[in-house]
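Here's a quick tour for anyone opening this structure for the first time. Have a look at it, then read on.

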Amino acid sequence: MKTPHKPLQVTVYQDVLCSWCYLADLRLDVLRQELGEAVRWSVRPYPLRLHDVLPTEREKRGLVEEVQRAQRESDATAPLLSTDLWLGGDPPRSSVPALAALEAARLQGPQARAFLARAMQRAALEQGVNVSRTDVVFELASRVGLAMNEFSAAFRSEETRRLILDEHRDATARGVRGVPTLVIGGRWMLCGLRELTEYREHILACMGRVAAPRSGSSERLVH
């Protein structure tokens, strides 16, 4: 009788306000369906806007340019991406509240977190809604059917905020510098948006199903 292999661990660092992360998430959804229980996925927060301060005009121009580049990707969702989040009169000051909402939702199960994450991505990145605002967070959480008393307590907890900051510090110490970043099997670190075929190739290589891909400039071994 064969001993079943342990699932491959894939950790995805992302920020819910990042267009590239949204596109990566949609591509990885295909692999979640394909690979099933052979892979254990862990989505971890990595705030690009760590501090509570309004973006400068220069920062907003850079953020708008990032969205415009993402709009040119081949994904069906790419043309739906909007620059309104950064061009409107209410740009997010920090990513931390939105990511804290996702950590609060996670306490109700991975599916609860996934539903809220997708709702927040669509609101922020397609409709230009500032999902770091508390009123927006609660509206979206209610809309996806979360148990609101439990969610509210976890979202407002200082411990949840500290978790985000600790995760950011620890990930940075491990070599994460931006998002999306995948750490596959504790072996490969892939930085930036990749094609679905490349994600698949690296994951299958770490599972021993295909030959290891040749290393590129934006991927490296995890030490």
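Which residue in strand 3 is the bridge partner of Y13? That would be T181. Before going further, keep in mind that this is a predicted model.

Let's start with strand 1, which covers residues 8–14. Six of its seven residues are buried, so the strand is mostly covered, where buried means under 20% relative accessible area.

Strand 1 pairs with two other strands. With strand 2 (residues 39–45) it runs parallel, and seven bridges join the two. Here V12 stands opposite V43 of strand 2. With strand 3 (residues 181–184) strand 1 runs antiparallel, and this time the bridges number four. The Y13–T181 pair from the opening question belongs to this pairing.

## The largest pocket

Now for the largest pocket, with a volume of about 550 Å³. It has 18 lining residues, and those nearest its centre are R32, V43, P110, Q111 and A114. Helix 1, strand 2 and helix 5 (110–126) are the elements that each give two or more residues to this lining. Helix 5 has the largest share, with nine residues.

Key: Residues are numbered from 1 along each chain as its sequence is written. This is a predicted model: local features need pLDDT of at least 70, side-chain atom pairs count only at pLDDT 80 or more; totals for chains, interfaces and linings use all residues. Side-chain values use heavy atoms; hydrogens and water are left out. Buried means under 20% relative accessible area, exposed over 50%, partly exposed in between (1.4 Å probe, protein chains only). Two strands pair if DSSP finds at least two bridges between them. On a 1 Å grid over the protein atoms alone, a cavity is a set of points where a 1.4 Å probe fits but cannot get out, and a pocket is an open set with protein on both sides within 12 Å along at least five of seven lines; lining residues have an atom within 4 Å of a point. Grid points are joined across faces, edges and corners, and a volume is the space filled by probe spheres set on the points.
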